Amino acid sequence: MINQKYASLLEPFEFQNGISLKNRVVMAPMTNYSSNEDGTVSDAEVAYYVRRSKGVSMVITACTYVTPNGQGFPGEFAGHTDDMIPSLRRLATAIKSEGAKAILQIFHAGRQVPKDIAPNGDVVSASNVPSEGEGKPVPRALTETEVESIIRDFGETTRRAIEAGYDGVEIHGANTYLIQQFFSPHSNRRTDRFGGSLEKRMTFPLAVVDEVQRVVKEHAKEPFIVGYRFSPEEPETPGITMADTMVLIDRLANKNLDYLHVSLMDFWSTPKRGVDDSRSRIEIIQEAVGDRVSVIGVGSIYSAEDARKALTSGIPLIGLGRELLIDPEWVQKIEQGREDEIVTELDINKQEELEMPTTLWQRILKNPGWVPGV
């Protein structure tokens, strides 16, 4: 029997495009470093996703790169050529077979591409400004022609996602990758139409959205989800402020997107600068755009009570990331009234039982602060 206190988490949800989700819980995108060397999806990766697709209503995959020079880390699966469609299809089919919608997250890592991965060591970004931190490569500023080509590449990978059977794509405009690099005054010092003012720094992100939506209109034969993920603020000076983000999300909310996904480590975190408001970023964002576009929130949600409280912010969907690594049966336990049995700390003796790829497992053990209990 479902505990009625948590019944709101299991209510169905319908996007404006008519696609329905069976509940309010989404698997957030998480890098797993476990793809094959040729960029195809590995057996371990498929097993990992299958295990976590049974309860949630929608799975957003780890990011896939749209161009050869956009790969952000080893063990990332690729979407930059038609040769990858069978691999992409294999993952989409596996996720959907468990009852969840499959969303492919698409991105370009920009200046976050490691020099030893970048073709010919050529790391690119909006401008030749490196990330802060020791040993970060100085990227080469993309030419206007190259920028336009990457915009088309986002569209082409969207076409491949459609052909591979995904239910949608998430444009990864967060976590300091290329789309965010164009929006950020730290990484974008351009003086052409792609940089300078706040308005011009939005040109690339909005152009990617337009191209993805154009491709969906041309190639999708049934409703297809398009979401956009963003990070509300940056610590750098200059950097993205909450005020900048409010302008961006206002523009995005008018683009007829299906959802905006707020990338946060802490769901209830508050703005650092740019707005005079003591409420959480999520509440501010929901109030500003929630009547025009669905908002997904994420960040340190572990227990059923954490999730219930998150829904009181007004957002319709919550993302679980690290918690689904710890307890893949999170949703099922709520469905069965067993929320007290939800595990919220990782047991380091259960790699095999949790069907965690070895490379991901090793990464977690090296960074114990990332997942509770390690």
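This report describes the pockets, cavities and helix packing of a predicted model.

## Basis of the model

Because the model is predicted, local features need pLDDT of at least 70 and side-chain atom pairs count only at pLDDT 80 or more, while totals for chains, interfaces and linings use all residues. Residues are numbered from 1 along each chain as its sequence is written, and side-chain values use heavy atoms, with hydrogens and water left out.

## The largest pocket

The largest pocket has a volume of about 1100 Å³; a pocket is an open set of points, on a 1 Å grid over the protein atoms alone, with protein on both sides within 12 Å along at least five of seven lines, and its lining residues have an atom within 4 Å of a point. Grid points are joined across faces, edges and corners, and the volume is the space filled by probe spheres set on the points. Of the 41 lining residues, Asn175, Arg229, Ser263, Met265 and Trp370 are the closest to the centre of the largest pocket.

At least two lining residues come from each of β4 (58-65), β12 (317-320), α10 (322-326) and α12 (358-366), where helices (H or I, at least four residues) and strands (E, at least two) are DSSP runs numbered from the N terminus. The largest share, three residues, comes from α12. By class, the lining of this pocket has 19 nonpolar, 13 polar and nine charged residues, with Ala, Val, Leu, Ile, Met, Phe, Trp, Tyr, Cys and Pro counted as nonpolar, Asp, Glu, Lys and Arg as charged, and the others, Gly among them, as polar.

## Enclosed cavities

The structure holds two cavities of 30 Å³ or more, a cavity being a set of points where a 1.4 Å probe fits but cannot get out. About 50 Å³ of space lies in the largest cavity, and among the residues that line it are Gly173, Gln180, Phe183, Tyr228, Phe230 and Leu248. Two or more lining residues are given by each of α4 (178-183), β9 (225-230) and α7, and α4 gives the largest share, three residues. The lining of the largest cavity divides into seven nonpolar, four polar and no charged residues.

The second largest cavity holds about 30 Å³ of space, and its lining includes Thr31, Tyr33, Glu45, Cys63, Phe73 and Glu76. Here the lining residues are five nonpolar, four polar and two charged.

## Helix packing

Helix α7 (residues 242-253) packs with helix α8 (residues 281-289) at an angle of about 35 degrees, with the axes 10 Å apart; axes are lines fitted to C-alpha atoms, for helices over the stretch in contact, and angles run from 0 to 180 degrees between N-to-C directions. The contact (heavy atoms within 4.5 Å) includes Met242, Met246 and Ile249 of α7 and Ile284, Ile285 and Val289 of α8. Its residues divide into eight nonpolar, no polar and two charged.

The axes of helix α3 (residues 144-163) and helix α6 (residues 203-219) come within 9 Å and cross at roughly 35 degrees. This contact involves, among others, Ile150, Phe154 and Arg159 of α3 and Phe204, Glu211 and His219 of α6, and by class it has 11 nonpolar, three polar and three charged residues.

## Helix α9

In helix α9 (residues 304-311), the buried residues are Ala304, Glu305, Ala307, Ala310 and Leu311, buried meaning under 20% relative accessible area (1.4 Å probe, protein chains only). The cover over these residues includes β12 and α11 (330-335).

Technical notes. Buried means under 20% relative accessible area, exposed over 50%, partly exposed in between (1.4 Å probe, protein chains only).
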